[in-house]
Amino acid sequence: MGAAMTRSSSTTTTETPASDGFPRELLVQPPAERLAYFAAKVVAHPRLVDAHRAVHDALRQPTAPSLIVLYGPTGVGKTTLRLRLEQQLITEALPALEKETARVPVLAVEAIAPESGQFNWKDYYARALVALNEPLLDRKVIVNAAVNPDALRPTIRRSASAPALRWVLEQCLRQRRVGVCLIDEAQHLKRLASGRRLLDQMDTLKSLAATTGTMHVLVGTYELLGLTNLSAQLSRRSVEVHFGRYRASVDKDRLAFKSVLLTFQRHLPVSEEPDLVGLWERLYEGSLGCVGVLKSWLNRALADAIAREATTITRRHLDRQALPTRTLLNLAREITEGEAVLREDPKGRDQLRSLLGLPATSITQTRSELNLTRQATGDRTSRPRRTGRVARRPTRDVVAMEVG
């Protein structure tokens with residue numbers, strides 16, 4: 001539990017309402033202190049709160065699912081949500097940890113992108129065991145102690161096979177009573193050569209969750225879409241949560257995005273408060289409505305302003321640190337493609353009812369019933385049809401006259 005608890009405490013963030021501001025004494029602190037303060041600032045905005053609540057509620061269901069899949073665009077704030085959820089789960093488990101000191105309430109692991117194009121389960125199991133502080137790990141893996149402890153990359157002995165490491169991980173998850181396993185960058189699980197192997201990947205996680213009683217939360221991009229629909233059994237034991245961006249065309253989203261900007265501008269440790277809200281369209285365009293992209297942008301702009309000894313952050317600082325248009329276009333295309341997959345097909349409900357042997361409903365049935373009603377009532381709501389010749393008024397026609 002020590003490793004998991006240490007990782008959480010080292011990434012602790014603070015959440016404050018928009019009415020508060022930064023401590024003014026920060027202005028006389030070194031640049032590193034000012035940058036660290038703002039980098040740790042988290043805004044509990046509606047999209048983040050709703051997605052967090054949805055995942056937490058799914059974890060607390062009496063018949064909780066084996067897998068929870070949280071997806072959204074790159075830079076929307078998924079890692080922030082994962083850290084927030086991890087901190088909450090640890091806080092909720094503190095009373096029980098006083099009696100069960102060996103218990104680990106939550107395990108956070110990152111699914112590392114494979115170098116060979118094939119996801120490496122051996123590497124994943126080893127990283128999970130490292131995070132759990134497995135006491136006999138030195139007999140199963142070789143760890144390079146000279147590397148940064150926060151970035152350990154264990155080298156598996158040739159004699160330690162993936163099934164053997166999985167068995168050790170299963171025992172560890174059960175004995176430590178790990179309630180939740182959070183897998184960040186879970187889209188890397190899809191790095192496979194065939195679609196059939198993809199189903200095997202998901203079945204592996206489902207089986208691991210079922211045998212250990214540890215619910216698994218997969219956090220990743222829109223690449224995770226469709227994973228839970230690979231089989232009927234997988235769909236039944238999974239829950240999907242969408243963490244979407246803000247849309248400028250929706251009034252509520254636009255107001256929420258401006259509220260996020262207001263909070264950030266009040267917590268930027270500069271002597272003069274910038275007018276981020278007044279630049280909301282530029283900031284929305286450069287962040288695509290994703291708070292994570294926005295926050296990284298503001299971090300860079302703050303560093304630029306401090307380095308130039310500026311009293312505030314201006315449009316020039318923002319423009320210098322903005323992402324290139326080509327990068328934003330790639331992100332925007334990825335987002336729109338993911339959102340398009342999520343749109344409900346209007347004919348989907350009728351197709352479902354047809355498969356179940358039920359009559360069509362929804363729009364098709366409503367239109368049919370409306371036509372029958374109009375026929376029965378004579379369609380009184382429609383305009384009466386004209387019949388016969390149109391009678392002319394008894395007036396004299398105007399004749400054009402030529403003026404000579």
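This is a predicted model: local features need pLDDT of at least 70, side-chain atom pairs count only at pLDDT 80 or more; totals for chains, interfaces and linings use all residues.
Does Glu185, at 28% relative accessibility, count as buried, partly exposed or exposed? Glu185 counts as partly exposed, because its relative accessibility is 28%.

## The chain as a whole

The chain has 404 residues, and 40% of them count as buried. Its secondary structure consists of 15 helices and nine strands. The accessible surface amounts to about 23,300 Å², and carbon and sulfur atoms account for 52% of that area.

Contacts within the chain can also be sorted by separation in sequence. Of those between residues at least 6 apart in sequence, 75% join residues at least 24 apart.

## Helix 5 and helix 6

Two packed helices are described by the angle between their axes and the distance between the axes. Helix 5 covers residues 121-131 and helix 6 covers residues 162-175; their axes come within 9 Å and cross at roughly 30°. Angles under 35 degrees count as roughly parallel, so helix 5 is roughly parallel to helix 6. The crossing of helix 5 past helix 6 is left-handed.

On the side of helix 5, the contact is made by Lys122, Tyr125, Ala128 and Leu129. These residues meet Ala162, Leu165, Arg166, Val168, Leu169 and Cys172 in helix 6. Sorted by class, the contact comprises eight nonpolar residues, two charged residues and no polar ones.

## Helix 9 and its two partners

Helix 9 (residues 251-267) packs with helix 11 (residues 291-307) at an angle of about 25°, and the two axes are 12 Å apart. Helix 9 and helix 11 are therefore roughly parallel to each other, and helix 9 passes helix 11 in a right-handed crossing. From helix 9, Phe257, Val260, Leu261 and Phe264 take part in this contact, meeting Val291, Leu294, Lys295 and Leu298 of helix 11. Seven of the contact residues are nonpolar and one is charged, with no polar residue.

Helix 9 also packs with helix 10, here at an angle of about 100° and with the axes 11 Å apart. Helix 9 and helix 10 are therefore roughly perpendicular to each other. In this contact, Arg254, Phe257, Lys258 and Leu261 of helix 9 meet Trp280, Leu283, Tyr284 and Ser287 of helix 10. By class, five residues are nonpolar, one is polar and two are charged. Phe257 and Leu261 are listed in the contact with helix 11 and also in the contact with helix 10.

## Loop residues with positive phi

Most residues other than glycine have a negative phi. Arg177 is not a glycine, yet its phi is positive, at about 55°. Arg177 is located in the loop between helix 6 and strand 7 (180-184). With a relative accessibility of 45%, Arg177 counts as partly exposed.

Glu185, the residue of the opening question, is likewise not a glycine and has a positive phi of about 55°. Its place is in the loop between strand 7 and helix 7 (195-212).

Leu288 is found in the loop between helix 10 (280-287) and helix 11. Leu288 is buried, because its relative accessible area is 13% and buried means under 20%. Setting aside residues up to four places away in sequence, Leu288 touches Arg245, Tyr246, Leu328, Leu331, Ala332 and Ile335.

Leu132 lies in the loop between helix 5 and strand 5 (141-142) and is buried, with a relative accessible area of 0%. Leu132 and Leu107 are 25 residues apart in sequence, while their C-alpha atoms are 7.3 Å apart in space. Gln118 occupies the loop between strand 4 (106-110) and helix 5. With a relative accessible area of 27%, Gln118 is partly exposed. Between Gln118 and Leu192 there are 74 residues of separation in sequence and 5.1 Å in space, C-alpha to C-alpha.

Key: Residues are numbered from 1 along each chain as its sequence is written. Side-chain values use heavy atoms; hydrogens and water are left out. Axes are lines fitted to C-alpha atoms, for helices over the stretch in contact, and angles run from 0 to 180 degrees between N-to-C directions. Helices (H or I, at least four residues) and strands (E, at least two) are DSSP runs, numbered from the N terminus. Angles under 35 degrees count as roughly parallel, over 145 as roughly antiparallel, 65 to 115 as roughly perpendicular and the rest as oblique. A crossing is left-handed if the near helix is turned anticlockwise from the far one by less than a right angle, and right-handed if clockwise. Contact means heavy atoms within 4.5 Å. Ala, Val, Leu, Ile, Met, Phe, Trp, Tyr, Cys and Pro count as nonpolar, Asp, Glu, Lys and Arg as charged, and the others, Gly among them, as polar. Buried means under 20% relative accessible area, exposed over 50%, partly exposed in between (1.4 Å probe, protein chains only). Accessible areas come from the Shrake-Rupley method with a 1.4 Å probe; for residues, only the protein chains shown count as cover.
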